[in-house]
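Here is a short report on selected side chains, a nonpolar core and some aromatic rings. Look over the sequence and the structure before reading on.

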Amino acid sequence: YKKRRDVMIATMEREFPPEAKFTHPNGGLFTWVELPGDIDTAELLKESSTDPEVGVAFVAGAGFFVGGSGVGRNCMRMSFGNNSPEKIREGVMKLGKLIEKKLAQQSK
């Protein structure tokens, strides 16, 4: 899993906005991501998983917090355990483009 993790992190460093924050896990199969701006990852998930040009799934972050306070709304958990390094690279690149598009729409 180390190679898959390294591919995911390296691709996120290149393709995600520079303001995005993510963990560099020493174990496990996931990384935690905090996106900049006012991106709602539940809405982002709907689009990214149903758009045939993207086709990327992740777990929206708000469900990891108690009380429905909106905390974690801009966060997501991404898995590197299930796909090949090539698929991880492709998926992160597509997701990065979608995130950039969402941020551009917010700044209008």
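Threonine 31 is buried, because its relative accessible area is 1%; buried means under 20%, exposed over 50% and partly exposed in between, with a 1.4 Å probe and protein chains only. The model is predicted: local features need pLDDT of at least 70, side-chain atom pairs count only at pLDDT 80 or more, and totals for chains, interfaces and linings use all residues. Residues are numbered from 1 along each chain as its sequence is written, and side-chain values use heavy atoms, leaving out hydrogens and water.

Threonine 31 sits in strand S2 (residues 30–34). Helices (H or I, at least four residues) and strands (E, at least two) are DSSP runs, numbered from the N terminus. The threonine 31 side chain reaches the backbone oxygen of threonine 23 at 2.7 Å. Leaving aside neighbours within four places in sequence, threonine 31 has contacts (heavy atoms within 4.5 Å) that include Met8, Met12, Phe22, Met76 and Met78.

Threonine 41 is in helix H2 (residues 41–50). Threonine 41 is also buried, with a relative accessible area of 1%. Beyond four places in sequence, threonine 41 touches residues including Leu35, Phe58, Gly72, Cys75 and Met76.

Now the core. A nonpolar core is a set of buried Ala, Val, Leu, Ile, Met, Phe, Trp, Tyr and Cys residues joined through side-chain atoms within 4.5 Å. The largest one has 23 residues, and Phe16, Leu35, Met76, Met78, Leu95 and Ile99 touch the most other members. Helix H1 (2–15), strand S4 (75–79) and helix H3 (85–106) each give two or more residues to this core. H3 gives the most, with 6 residues.

Next, the rings. The structure holds 2 aromatic pairs. Rings of Phe, Tyr and Trp (its six-membered ring) pair if their centres lie within 6.5 Å; planes under 30 degrees apart count as stacked, over 60 as edge-to-face and the rest as tilted.

| Pair | Centre to centre | Plane angle | Class |
|---|---|---|---|
| Tryptophan 32 and phenylalanine 64 | 5.3 Å | 90° | edge-to-face |
| Tryptophan 32 and phenylalanine 65 | 6.2 Å | 55° | tilted |

Ring pairs link Trp32, Phe64 and Phe65 into a cluster. Tryptophan 32 is partly exposed, at 26% relative accessibility. Phenylalanine 64 is partly exposed at 41%, and phenylalanine 65 at 36%.

Definitions and conventions
A polar contact is a pair of N or O atoms within 3.5 Å; within protein, one must be able to donate a hydrogen and the other to accept it, and residues adjacent in sequence count only if both atoms are side-chain atoms.
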